[in-house]
Amino acid sequence: MIEDLWYKNSIIYSLDLDTFMDGNGDGVGDLPGLINRLDYLHSLGVDVLWLAPFQPSPNRDNGYDITDYYGVDRRYGSSGDFVEFMNHARKRGMRIILDLVVNHTSDQHPWFKQACRDPQSEYRDWYLWSKKRPSGWNKGMVFPGVQKAVWTRHPKAKAYYHHRFYEFQPDLNMDNPHVRAEIRRIMGYWLQLGVDGFRVDAVPFILEPSQEPKGELNFEYLAEMRQFLQWRAGHAALLGEANVAPKDTRRYFGDGRDGLNMMFNFWVNQHLFYALASGDTKPLEDALEATRQIPDATQWAMFLRNHDELDIDRLPKQRRDKVFKRFGPEPGMQLYHRGIRRRLASMLGDRRHLELANSMLFGLPGSPVMRYGDEIGMGEDLSLKERDAVRTPMQWSSERNGGFSTARKTVHPVISEGPYGYQSINVDAQRRDPGSLLNWMIKMIRVRKECPEIGWGEWALLHTGVPGVLAMCYSWRGNQVVVLHNFNRQPQQVRLVMEGEGCERLVSLLDTDDSKANRKGHHDIALTAFGYKWFRVGGLNYALRREPAAPDESH
């Protein structure tokens, strides 16, 4: 049954092991440290943990340059520590998804080393080579301005190898069936250790044909991965990173059985930030409509920030410039001319604006994905290079290094100065403060879990007659939830016309400010500047009368 799909209605939390919690005092976060913080994540209301790569790596790209897909980097612990972590997560009812980084390996991977040493090696054809420098050698870089090429000559191999990302990350040849078989073995290994799926890195590049990069994508390779996943673990899911236009998303989802289970909704994300920057919600409404039609068994992953830059490259230039001006006005805040390397709290600044953005995250059609530290409003360190600015250690307390580590030197410096320094922004202080962002987030997560209609139901945009106010109604099993968000800097009065049984009463899920319809059946609702409201139509008792409890979604 569709209701058995756990990923349709989960709270997902993204973290990097090396910056979350140091368990042994060496300055690097690790698995024992994460185990020690599982109770915190459980109390926050997290259902699913998404772990960034932790396999052995030279760590030149935050672990996305892997040298052994079947191990745990010594900095983070051992395979035994991973199994122990899985056991503790299971006890708390949490699911685990891992990054599956198979578009490329590290240039230090034994496969690539062997391929360079011996042209007759079986691994030579595991990568993409050209004796002569291809004509498009300096086009299609993922990191323009940082990368100089996508084809680089290797002196030992005496040939050029292809790399969509940095030159130390050679692309695997997905047209080679042995490579795809190895990827299935990698998936099978981690599934056997109990993980619940994978966040698949760089999906469009995985599907590129080897003979003609940027040619027609091989979606049958994605179908192979999905088929293997279902055979090995029927409950598991693939969450794909594919920043593509709405017209292309259907091919990635397939028919719901031969593509991705979930995909990040970059389209809505970019238009949401435009709405936050400008107050204009019309493009966001259009983005929601453009991404509405997906197979029943699939789901969007909605997010605000992640481990990369805030990518706004798909916005028209005029709108993109508005977002840059509002959230990343200085050159040092921008990256690759397409994104912003800042955290959510520092971009928005105003607590009301921050609450509005997070309320939108939980009120969008899909499963919300949170980034570690955003629940307490962490900032960034712009002195760090590129995307490392948003990868600083988690701030747990006002103790040394923000309670992250007892070491003298940490993997990245903990933010210690300014309004986002660990002395004032930390979990311990906010846990004790009833009015803190952390306690507000815990409340919002609880409310979101009380609204399964958002993950399971149908949605509709409601007419408010007020520009800059977005209103949505979710319906599932005869029950309805209404969420309203005011993107304006001024208070607004909106009128909702609701039809149907129980619509005369809207019960607030966040406070005691319920709404009763007037004699004409209209609801007049006041929203503060950057205000938001969540209502259940008819109230909880009405919902319980209408429908029995939802079936268990923990399958």
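Is Gln395 buried or exposed? The model is a predicted one, in which local features need pLDDT of at least 70 and side-chain atom pairs count only at pLDDT 80 or more, while totals for chains, interfaces and linings use all residues. Residues are numbered from 1 along each chain as its sequence is written, and side-chain values use heavy atoms, with hydrogens and water left out.

Gln395 comes out at 0% relative accessibility, so it counts as buried (under 20% relative accessible area, with exposed meaning over 50% and partly exposed in between; 1.4 Å probe, protein chains only). Gln395 sits in the loop that runs between strand 14 (367-371) and helix 15 (427-432); helices (H or I, at least four residues) and strands (E, at least two) are DSSP runs, numbered from the N terminus. Its side chain gets to the backbone oxygen of Ile425 at 2.7 Å and to that of Tyr420 at 3.4 Å.

Now for the nonpolar cores, which are sets of buried Ala, Val, Leu, Ile, Met, Phe, Trp, Tyr and Cys residues joined through side-chain atoms within 4.5 Å. The largest has 131 residues, and Tyr13, Leu41, Leu49 and Phe85 have the most contacts inside it. Helix 16 (residues 437-449) supplies the largest share of this core, seven residues. Another core, of 18 residues, lies apart from it and has Ala237, Met262, Phe264 and Val369 among its members. Not counting residues up to four places away in sequence, Leu49 touches Tyr13, Leu41 and Phe85, among others.

Helix 16 also packs with helix 14 (residues 351-363), at about 25° and with the axes 10 Å apart; axes are lines fitted to C-alpha atoms, for helices over the stretch in contact, and angles run from 0 to 180 degrees between N-to-C directions. That makes the pair roughly parallel (under 35 degrees; over 145 is roughly antiparallel, 65 to 115 roughly perpendicular and the rest oblique). Residues meeting here include Leu354 and Phe362 of helix 14 and Trp440 and Met444 of helix 16.

Conventions:
Contact = heavy atoms within 4.5 Å. Polar contact = N/O pair within 3.5 Å; in protein donor to acceptor, adjacent residues only side chain to side chain.
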